[in-house]
Amino acid sequence: MHSKEQISHDEYQKTADWLMSQTQHRPQVAIICGSGLGMLADTLKCQDSFAYSDIPGFPQSTVQGHAGRLVFGELKGKTCVCMQGRFHMYEGHSLCKTTFPIRVFKLLGVETLIVTNAAGSLADGLQPGDIMIIKDHINFPGLVGLNPLSGPNDDKFGPRFPAMSGCYDKGLRCLAMEIAKQQGVAGFMQEGVYAMVGGPNFETIAEARLLHRLGVDAVGMSTAPEVVVATHCGLRVFGLSLITNKVVKSYEDSECVNHEGVLEVGRLRSHTVQQLVTELISRMEINNNNNTSNAV
Ligand SMILES: O=P(O)(O)O[C@H]1O[C@H](CO)[C@@H](O)[C@H]1O
Ligand SMILES: Nc1nc2[nH]cnc2c(=O)[nH]1
């Protein structure tokens, strides 16, 4: 069962200590690049970069469009760390492995996490190429007990029963919308609810209809476990989905989604996503109070 594996505090600390011995950067902001969005790391200046295979304790990326590199650098006066490649449950990683980097970031002093993903749209108003600011999520694996926080709680990171209402920071969501207006891209940006399903198959039509009825705006196979672990340890979270395809909801529709198409939309929209994230990081305020204050 995925959730049984446990990782000790010492193991997270060892990885954080190794990284701190290899780079002078002390990141305040962490960015996770979704499928095809690895170029977000290109904006960082004075880079130190590490292959996941060289980082003690790090899992390995196995999905095309996820390079498997951790990049540290400066962006508009903030120190950042960027995951070029995330880990998904369907790759066979335990949920605590898929979220391993989040707690390492916490120990590095990160205060804000930016998660990005590629997602299929269920909402009629969301077209391929649109950007959805994540207002909330439905963690389907989590609802049935596949939760990275299952098992003994590590009080050093956070409480046994963390609240998840408000896990996507409202201030950052408003700031992102304001920036979108100023950059002239608000026309294809809106807030919505992201749902995580286990994958790796895309949805059947009946599943798509079910998700639509449940109020899901966009669906993907990642993000929710990362956000749960980040919120548990007191990180502020901002998330966005790049809509890469419409999820087929009609038996009359012969369209068929594939991963190549998902990556292609990422490439087409890379510049817009980069500009938005760069400006958001530049204008966000950082409270340097990362002291595991969420812990009980
Ligand atoms: O969520 P990210 O990593 O962006 O990737 C999304 O795109 C892949 C499918 O094309 C799935 O892994 C899905 O979760
Ligand atoms: N589950 C799921 N994940 C995706 N990632 C990108 N597009 C999709 C989609 O349509 N469904």
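**The site around ligand 2**

Modeller: Happy to: a nitrogen atom of ligand 2 is 3.3 Å from a polar backbone atom of Gly120, a polar contact (a pair of N or O atoms within 3.5 Å). This is a predicted model, where local features need pLDDT of at least 70, side-chain atom pairs count only at pLDDT 80 or more, and totals for chains, interfaces and linings use all residues. Residues are numbered from 1 along each chain as written, chains are lettered from A and ligands numbered from 1 in the order written, and side-chain values use heavy atoms, leaving out hydrogens and water.

Colleague: How much of ligand 2 does the protein bury?

Modeller: Accessible areas come from the Shrake-Rupley method with a 1.4 Å probe. Taken alone, ligand 2 exposes 280 Å², and the share buried by the protein is 95%.

Colleague: Which strand gives the most residues to the shell around ligand 2?

Modeller: Strands here are DSSP runs (E, at least two residues), numbered from the N terminus. The shell has 13 residues, each with a heavy atom within 4 Å of the ligand. The top contributor, with three residues, is β5.

Key
Polar contact = N/O pair within 3.5 Å; in protein donor to acceptor, adjacent residues only side chain to side chain. Helix = DSSP H or I, 4+ residues; strand = E, 2+ residues; numbered from the N terminus.
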